Amino acid sequence: MAGLHLIQTYSSDSEDEEDSEKDKTNNDINKLALPASISTWKGVAHHDEIIDDPLSHDGRIRSFKHERGNWATLVYINYIASDSLYTWMKSVINDLPVQGDIIPSFHISLSRTLILKYHWIESFVDSLKLLCRGFNSFVMQLTDVKVYCNEEKTRTFLGIYCHNEDGVLKCLLEAVDSLLAEYQLPPFYKDSSYHISFFWCLGDERTCLRKVLPSVTSSLNKFLAENVEDSYVQIDEVQCKIGNKYYTFQLR
């Protein structure tokens, strides 16, 4: 009988161990992954540093380092070129003395490229929307071609200058500058020149491109004389890009 008792005891102990192993295995299977938010409590990095590589975007260099919580922001007026004007742009750049490309989308800047903090976005968008409601729609006239260069002198542009006869554009820009001041952001450039950039190239090529400005401007004036509908642009709204989000604000 004692032998049977020992066999029963061994069998019972073995079953308990097997059950324990099964429970442990089931617990491991059911165990959830540690949430990223909790991982950060231990000092684990929860985002990767973004390193700028000019080779990934045609040699262009960022104006400022990407930092978490900072959102690249631009206030502007969108412009869609007609097929005939776009054809003129392509014909012009073929004869330029520098290598470059047509800009894929056109606009008239009303601000520099700014750094907006994440917690400012909602109030900034609301304020800009209210600001635009105070301005009437207006008309701009395309005139001549000018050369522009960014502050870092890493890129040069050709742009079509835009003239606003009744001064609404100037007042709109001043209002945007006042709004930016509330967020301690820099105003638009002191010597404002409203324009639609259509060509860009790397480096500071102003001296080289200024030599061909008379012929390019003459070509534009001839085109506009033959296509009067392209000479004037009706402005009914203002756009804003914050990070990868786009906003549109209607004028009155």
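I'll start with the hairpin: β5 and β6 form it, with five residues between the two strands, and in the turn K153 has a positive phi of about 60°. Keep in mind that this is a predicted model.

Now the pairing inside that hairpin. β5 and β6, the latter covering residues 155-163, run antiparallel and are joined by seven bridges. Q141 sits opposite H163 of β6, and V145 sits opposite I160 of β6.

On to the next strand. β6 also pairs with β7, residues 195-202, through seven bridges, again antiparallel. Here G159 faces S197 of β7.

Put together, the sheet is open and has five strands, in the order β2-β7-β6-β5-β8, with antiparallel pairing. Its edges are β2 (101-102) and β8 (232-235), each of which pairs on one side only.

The other element I want to cover is helix α5, residues 168-182.

Which residues of α5 are buried? They are V168, L169, L172, L173, A175, V176, D177, L179 and L180. Note that an aspartate, D177, is on that list. As for what they pack against, the buried residues of α5 meet β1 (70-79), β4 (114-117), α4 (121-133), β5 (138-149) and β9 (237-242).

Last item: just after α5, Q184 has a positive phi of about 55°.

Note on methods. Residues numbered from 1 in each chain as written. Predicted model: local features only at pLDDT ≥ 70, side-chain atom pairs only at ≥ 80, totals over all residues. Heavy atoms only, no water. Buried < 20%, exposed > 50% of the residue type's maximum accessible area, 1.4 Å probe, protein only. Helix = DSSP H or I, 4+ residues; strand = E, 2+ residues; numbered from the N terminus. Contact = heavy atoms within 4.5 Å. Pairing = 2+ DSSP bridges.
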